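Here is a friendly set of questions and answers to work through with the model open beside you. Take them in any order you like.

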Amino acid sequence: MEENKKQLYYKSTRGDREKVTASQAILRGLAPDGGLYVPEEIPPLPYTMEQFGKMDYQETAYAVLRAFLTDFTEEELRGCVEKAYDDKFDTSQIAPLVKIGKEYYLELFHGATIAFKDMALSILPHLMTVSAEKQQVEEEILILAATSGDTGKAAMAGFADVEGTRIIVFYPKNGVSKVQELQMVTQKGANVDVVALHGNFDHAQSGVKALFEDRRMAEELKKKGYRFSSANSINIGRLLPQVVYYVYACAKLLENQEIQPGETLDVVVPTGNFGNILAAYYAKRMGAPIGRLICASNENKVLYDFFETGCYDKNREFILTTSPSMDILISSNLERLLYHASLEDAEAVRVCMEELKEKGSYRISDTMRKNLREFQGGYATEEETAAEIRRVYEATGYVMDTHTAVASTVCGRYREEAQSPCLIASTASPYKFVKSVLAALGKEEKGDELSLLYQLEKVSRTAMPKAVKEILEATVLHTMECDRDEMKETVRKILEV
Ligand SMILES: *Cc1c(COP(=O)(O)O)cnc(C)c1O
């Protein structure tokens, strides 16, 4: 293959002058000025779509990531890809495309935790350890995470037994589903710990944040050979691996003549923190045949309002929905889009982010709005989401999860005006949100959440994913609990420092 000799640097969305390499950006997570790292330019795809059509997922991943991670050697990057996209996924296609009715569903839930976060979190730990080696970081990387259920387990599964890393996850004792709790407490791996916190998700989150900001603790841990890092979705190392599946999907649709050369595909993405849809935007800028980018929200429709009015306003009631991974009022990756839409006006981005912090809202300029025309917002209410699950099931037998159903609803509405084929990002297995899914189908019977899994097997006529079966039979390995004021002590105890 042609070697890309040119180094691609990363800079902050808020104007910090320092340019860093990919490995530095991945290790740091956040830029020193609080901004997010973005590539100085978005590289073109290194192959034609026709060539991509002949590649498997791993080859596609290597080719796309190679264009971004220019300070990784071929060997390093191939190693990361191989370790990430292996038989942790229950299909060799990794991200299979399913045609249901007129739409294509890109199933991103075939990994270890049956939700789309696996797509990035299975490779991030490897990108991090290679980055640490390149930057001559001697300490072990210590990941601390608070979770409302999904991210924690995906991070645990990703980091489990990755040499040079250690991960500790806090979850609210009574704030996650039975399946989610079992997924976490049965996680294997000598470097993995999980703690049930007596408190809610906010307590877990602010506790972890306080630990991150505790300088003395950081110093103390450094002496013991640990260095804090973060695996959350603002890390560029989580965004870039998500670009891969959009290129892969477009190439496969062309290869199978589902779309024709010159034709574009609109993508509909169930959105929370804006990482997934931003990856689709990057794929488009690289040259993938993507047309409109449709951002689907649940009743927490901050983003819908933003695309309609140009005003982002988080001052509103927070609504708990059946698509909890999208229950978000501050969508952090949107900052990267603002940066690109303002034609890299870091000062404008900084002002917006300051206003967001101070007032909870900001308005973008007309130029920025004009540059966002390829985006469109949409949203689905709880009733519409449930009705969509039922409609598609009754028409085709396909069962989708609640998050996917939000996108599917928005797609259906959008369909009335658009002609292009649509790709829907399917972000979770229905088994993960089994209770809401069965309720939507009107088939929820009495019994605990675990018995519902067998019920769904019958209804959907699909076998229970390996990842779910395993947790039903697995041994509980983690039983630690702690109070809100004991988090620091708990970390010390676990690390034996
Ligand atoms: C995280 C998540 C989302 C939202 O994705 P973002 O990249 O944060 O916009 C949607 N669906 C599921 C199932 C998720 O876990």
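Q: Is Glu-486 buried, exposed or partly exposed?
A: This is a predicted model, in which local features need pLDDT of at least 70, side-chain atom pairs count only at pLDDT 80 or more, and totals for chains, interfaces and linings use all residues. Residues are numbered from 1 along each chain as its sequence is written, and side-chain values use heavy atoms, with hydrogens and water left out. Buried means under 20% relative accessible area, exposed over 50%, and partly exposed in between (1.4 Å probe, protein chains only). Because its relative accessibility is 33%, Glu-486 counts as partly exposed.

Q: Where does Glu-486 sit, and how many Å separate its C-alpha from that of Lys-359?
A: Helices (H or I, at least four residues) and strands (E, at least two) are DSSP runs, numbered from the N terminus. On that basis Glu-486 is in the loop between β15 (481-483) and α22 (487-495). Along the sequence Glu-486 and Lys-359 are 127 residues apart, and from C-alpha to C-alpha the spacing is 33 Å.

Q: Which residues touch the most other members of the largest nonpolar core?
A: A nonpolar core is a set of buried Ala, Val, Leu, Ile, Met, Phe, Trp, Tyr and Cys residues joined through side-chain atoms within 4.5 Å. The largest one here has 158 residues, and the members touching the most others are Tyr-10, Leu-69 and Tyr-246.  Helix α11 (residues 236-255) gives the most to this core, and its share is 14 residues.

Q: Which residues is Leu-69 in contact with, beyond its neighbours within four places in sequence?
A: Contact means heavy atoms within 4.5 Å. With those sequence neighbours left aside, the partners of Leu-69 are Tyr-10, Ala-22, Ile-26, Leu-77, Leu-127 and Leu-240.

Q: Which residues of helix α4 are buried, and what covers them?
A: Helix α4 spans residues 74-84. The cover over its buried residues includes α3 (57-68) and α6 (124-134). The buried residues themselves are Leu-77, Gly-79, Cys-80, Val-81 and Ala-84.

Q: Is Gly-79 buried or exposed?
A: Gly-79 belongs to helix α4, and its C-alpha is 8.3 Å from that of His-126, a residue 47 places away along the chain. Because its relative accessible area is 19%, Gly-79 is classed as buried.

Q: Which residues are closest to the ligand?
A: A residue is near a molecule if one of its heavy atoms lies within 4 Å of it. By class, the shell holds 5 nonpolar, 8 polar and 2 charged residues; Ala, Val, Leu, Ile, Met, Phe, Trp, Tyr, Cys and Pro count as nonpolar, Asp, Glu, Lys and Arg as charged, and the others, Gly among them, as polar. Of the 15 residues surrounding the ligand, the closest are Lys-117, Gly-272, Asn-273, Asn-276 and Thr-427.

Q: How much of the ligand does the protein bury?
A: A backbone N or O atom of Gly-272 is 2.7 Å from a ligand oxygen, and a polar backbone atom of Phe-274 is 3.0 Å from a ligand oxygen. In the side chain of Thr-427, an N or O atom lies 2.9 Å from a ligand nitrogen. Taken alone the ligand exposes 390 Å² (Shrake-Rupley method, 1.4 Å probe), and the part of that buried by the protein is 96%.

Q: Which side chain makes a polar contact with that of Asn-300?
A: Asn-300 lies in the loop between β10 (290-297) and α13 (302-309), and it is buried because its relative accessible area is 3%. A polar contact is a pair of N or O atoms within 3.5 Å; within protein, one must be able to donate a hydrogen and the other to accept it, and residues adjacent in sequence count only if both atoms are side-chain atoms. At 3.0 Å, the side chain joined to Asn-300 is that of Asp-327.

Q: Which side chain makes a polar contact with that of Ser-323?
A: Ser-323 is in the loop between β11 (311-313) and α14 (334-341). Its relative accessible area is 1%, so Ser-323 is buried. The polar contact, at 3.0 Å, is with the side chain of Asn-298.

Q: Is Gln-136 buried or exposed?
A: Gln-136 is not a glycine, yet its phi is positive, at about 50°. Its place is in the loop between α6 and β5 (140-146). With a relative accessible area of 64%, Gln-136 is exposed.
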